[in-house]
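Biologist: Can you take me through this model? I have the sequence and the coordinates open.

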Amino acid sequence: MGWDVIPAPVLERLRCPTCGKDVTALPDGAGVTCGSGHRFDRRHGVLDCSTAGRPQGSTEATFASFGYEWNTFDGVRDEDQSFADVYFRDVDLEGLRGKVGLDAGCGKGRYTRFLAQYLKAEVALDGSSAAEAAARNLADVPGATVVRSDLRDAPFAPESFDFISSLGVLHHLDDPFAGFQRLLALLAPEGQVLLYLYSRPETMGLRSLSLTAATALRRVTTRLSHPVLKALSTPIAGVLWWGFVVPGRFGERHGIPSLAGLPMDAYRSMPFRSLVLDTFDRLSAPVEYRYTWSDLQPWFDRTGLVVDAARDETGWFVLAHRP
Ligand SMILES: C[S@@+](CC[C@H](N)C(=O)[O-])C[C@H]1O[C@@H](n2cnc3c(N)ncnc32)[C@H](O)[C@@H]1O
Ligand SMILES: [Zn+2]
């Protein structure tokens with residue numbers, strides 16, 4: 001299918017970003033247009049709906065950071081499959097067959113690619129130029145459509161999606177709960193939503209000290225140019241690797257609890273490059289919020305969602321459904 005066609009289940013859910021009317025496809029997958037003549041082009045596999053509004057608050061800086069990140073660290077790697085095993089552990093993947101999904105804040109599209117094996121059709125949506133990297137990584141994936149748009153203005157009819165994933169995204173918004181509510185407006189009845197959100201420990205310990213240090217470092221690093229921060233990410237990741245990951249792995253193998261209990265255990269089975277990427281990610285994004293479960297539970301209570309699973313593995317993986 002490639003970039004020539006917008007799959008029917010996506011086209012019928014798309015709405016004009018300017019006026020909200022239905023859209024029709026332009027020939028050869030060149031874009032979409034509505035009855036009022038608003039036209040949105042599709043270039044190199046990206047349907048660009050970002051031209052409809054102006055970024056507000058921190059959004060422009062956030063998009064600049066992630067656009068750089070995902071066009072620099074742009075390949076889908078073997079370790080992304082291992083990360084996917086963690087991210088989607090609670091999801092009934094076979095149950096997604098025949099359903100339509102939205103990956104809101106898809107970055108380079110690594111998890112859209114994973115989910116596309118199951119879903120009938122899927123939208124990979126990102127507000128930044130990361131959408132271009134996603135289009136490259138999804139060019140051979142039938143049923144995936146890449147849309148560039150702020151998720152708060154996602155150009156889709158209400159209740160369009162059976163499954164919405166938003167992984168590592170909402171905590172970068174100025175008002176994460178408002179973003180969550182916007183996503184929920186797109187969720188079909190009985191639809192499921194999977195979130196990944198940064199967590200924070202409730203008690204003092206090594207992890208909370210590390211997070212305090214990272215927050216202090218971020219005051220400087222979020223002001224650096226992206227190429228400079230990229231260059232610095234390798235030595236910083238090196239310090240973390242030799243300070244936490246390698247001793248932790250050693251402690252785990254040799255049954256030394258004081259070492260096995262070190263933070264950053266998720267990287268023990270991952271290559272160094274994944275820590276370099278995540279170091280850049282952590283130190284570059286202008287806004288980040290962190291949550292305990294008592295911060296997050298009201299999100300679900302207030303919106304009437306039923307939580308199916310919630311676990312904190314250096315971040316909250318929350319799966320919930322709309323009754
Ligand atoms: C940490 S990355 C995660 C990417 C992907 N979900 C993954 O886990 O590989 C966050 C992504 O969310 C996107 N993003 C942040 N705020 C957004 C918004 N308001 N609307 C759409 N995308 C947004 C960024 O451009 C970035 O690509
Ligand atoms: Zn229109």
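Biologist: How is the protein divided into domains?

Modeller: Domain 1 covers 8–199 + 296–321, and domain 2 covers 206–284. Those bounds come from an automatic or database domain assignment. The model is predicted, so local features need pLDDT of at least 70 and side-chain atom pairs count only at pLDDT 80 or more, while totals for chains, interfaces and linings use all residues. Residues are numbered from 1 along each chain as its sequence is written, and chains are lettered from A and ligands numbered from 1 in the order in which they are written.

Biologist: How far apart are the C-alpha centres of the two domains?

Modeller: The C-alpha centres of domain 1 and domain 2 are separated by 27 Å. Nine residues of domain 1 are in contact with eleven of domain 2, where contact means that the C-beta atoms, placed from the backbone, lie within 7 Å.

Biologist: Which elements of domain 1 give two or more residues to that side?

Modeller: They are α2 (59–72) and α3 (78–87). Helices here are DSSP runs of H or I with at least four residues, strands are runs of E with at least two, and both are numbered from the N terminus. The most comes from α2, with four residues.

Biologist: What classes of residue are on that side of domain 1?

Modeller: Two are nonpolar, four polar and three charged. Ala, Val, Leu, Ile, Met, Phe, Trp, Tyr, Cys and Pro count as nonpolar, Asp, Glu, Lys and Arg as charged, and the others, Gly among them, as polar.

Biologist: Back to α2. At what angle do α2 and α5 pack?

Modeller: Helix α2 and helix α5 (residues 130–138) pack at about 30°, with their axes 7 Å apart. That makes α2 roughly parallel to α5. Axes are lines fitted to C-alpha atoms, for helices over the stretch in contact, and angles run from 0 to 180 degrees between N-to-C directions. Under 35 degrees counts as roughly parallel, over 145 as roughly antiparallel, 65 to 115 as roughly perpendicular, and the rest as oblique.

Biologist: Which residues make the contact?

Modeller: Phe66, Gly67, Trp70 and Asn71 of α2, with Ala130, Glu132 and Ala133 of α5. By class, that contact has four nonpolar, two polar and one charged.

Biologist: And α7 with α10, what's the angle there?

Modeller: About 75° between helix α7 (residues 206–221) and helix α10 (residues 272–284), with the axes 8 Å apart. The two helices are therefore roughly perpendicular to each other. Ala214, Leu217, Arg218 and Thr221 in α7 meet Arg282, Leu283 and Ser284 in α10.

Biologist: New topic. How many residues are in the largest nonpolar core?

Modeller: It has 67 residues, and those with the most contacts inside it are Leu125, Ala134, Val146 and Ile164. A nonpolar core is a set of buried Ala, Val, Leu, Ile, Met, Phe, Trp, Tyr and Cys residues joined through C-beta atoms within 7 Å. A residue is buried if 20 or more other C-beta atoms lie within 10 Å of its own, exposed if 12 or fewer, and partly exposed in between, with C-beta atoms placed from the backbone. A second, separate core of eleven residues includes Ala237, Leu275, Val276 and Phe280.

Biologist: Tyr87, buried or exposed?

Modeller: Tyr87 is buried, because 22 other C-beta atoms lie within 10 Å. Tyr87 is in helix α3, and beyond four places in sequence Tyr87 touches Tyr111, Leu167, Tyr196 and Phe317.

Biologist: What about Leu305, where does that sit?

Modeller: Leu305 is in the loop between α11 (293–303) and β10 (306–312). Leu305 is buried too, with 21 other C-beta atoms within 10 Å. Leaving out residues up to four places away in sequence, Leu305 touches Phe300, Ala320, His321 and Arg322.

Biologist: Last one, the backbone. What is phi at Glu190?

Modeller: Phi is positive, about 70°, although Glu190 is not a glycine. Glu190 is in strand β9 (residues 187–198) and counts as exposed, with 9 C-beta neighbours inside 10 Å. Met264 also has a positive phi, near 70°. Met264 lies in the loop between α9 (257–260) and α10, and counts as partly exposed with 19 C-beta neighbours inside 10 Å.

Methods:
Contact = placed C-beta atoms within 7 Å.
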